[in-house]
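Please report on the fold of this protein chain. Cover its cross-link, its sheet and its surface.

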Amino acid sequence: MNILARASAVFLLVAAPFCCNADDSSECHAAQVVEHVMEQFAIYGPRSTDREFFGFIYRNHGVIASAVVRGPVCEWTQFCEVNTGKAAPLIPQGAKVLGEWHTHPHVTGSRRLSPGDVLGANKNSHIRCYRAYFSTASGEIFSWSPGVVSVWLATDSMVRMGNYRKAYDSAIRQARAAQVELPVAAYP
């Protein structure tokens with residue numbers, strides 16, 4: 001992720017009201033955030049063939065949502081990143097920021113966090129309730145502590161949450177068995 005773009009987004013995020021300590025699940029809406037994050041990975045994970053998607057998670061008028069942006073097509077010869085600064089202005093005024101998620105592309109993506117991923121999330125760790133999530137190139141979904149500043153410590157704090165490819169494949173099989181068409185979600 002672009003460290004400079006994420007740093008510029010911090011200013012916008014600081015102005016957003018925050019809710020609570022990250023360890024206070026009921027006040028931070030932890031269960032709803034996890035459900036929302038898994039839904040976002042189900043939508044954007046399969047679309048991450050050759051680019052990253054990024055979203056700031058927020059709560060506004062009782063609804064958990066994401067401000068989502070997509071990165072450019074990733075090339076083997078370049079570092080792949082998405083300009084996260086473009087997501088911050090999409091957060092509604094007065095929303096409570098709760099975290100971030102991003103995908104790694106299937107073709108050129110990594111199975112690990114980058115220093116930019118870790119430092120970008122860490123710059124927002126002062127926001128109460130802030131959690132960070134990412135998916136690997138193989139579809140594995142993890143949460144990690146945004147309070148750390150090294151890839152090693154972030155990796156040590158990771159918690160596996162599932163795999164969007166398995167969930168997506170299962171949903172397709174179920175829809176085909178029931179002869180139901182799956183809706184196609186559009187992204188900005």
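## The disulfide

The S-S torsion of Cys 28 and Cys 129 is about -70°, so the disulfide is left-handed. The model is predicted: local features need pLDDT of at least 70, side-chain atom pairs count only at pLDDT 80 or more, and totals for chains, interfaces and linings use all residues. Residues are numbered from 1 along each chain as its sequence is written, and side-chain values use heavy atoms, with hydrogens and water left out.

The sulfur atoms of Cys 28 and Cys 129 lie 2.1 Å apart. A disulfide here is a pair of cysteine sulfur atoms within 2.5 Å. By that rule the count is 1. Cys 28 sits in helix H2 (residues 25-28), while Cys 129 lies in the loop between helix H4 (115-123) and strand S4 (131-135).

| Residue | Relative accessible area |
|---|---|
| Cys 28 | 5%, buried |
| Cys 129 | 5%, buried |

Buried means under 20% relative accessible area, exposed over 50%, partly exposed in between (1.4 Å probe, protein chains only).

## The sheet

The protein chain has 6 helices and 6 strands. These are DSSP runs: helices (H or I) of at least four residues, strands (E) of at least two, numbered from the N terminus. Along the sequence the pattern is α-α-α-β-β-β-α-β-β-α-β-α.

The 6 strands form an open sheet in the order S2-S1-S3-S4-S5-S6, with mixed pairing. Two strands pair if DSSP finds at least two bridges between them. S2 and strand S6 (159-163) are at the edges; each has a single partner strand, so one side of each lacks a neighbour in the sheet. The twist averages 20° from one strand to the next.

Strand S1 (residues 53-60) runs antiparallel to S2, joined by 8 bridges. Phe 54 has Val 69 in S2 as its bridge partner. The hairpin of S1 and S2 has 2 residues between the strands, and His 61 takes a positive phi near 55° there. In strand S2 (residues 63-70), 6 of the 8 residues are buried. Ser 143 stands opposite Val 159 in S6.

## Whole chain

Buried residues make up 46% of the 188 residues. The chain exposes about 9,700 Å², and carbon and sulfur atoms supply 55% of it. Accessible areas come from the Shrake-Rupley method with a 1.4 Å probe; for residues, only the protein chains shown count as cover.

Definitions and conventions. Axes fitted to C-alpha atoms, helices over the stretch in contact; angles between N-to-C directions.
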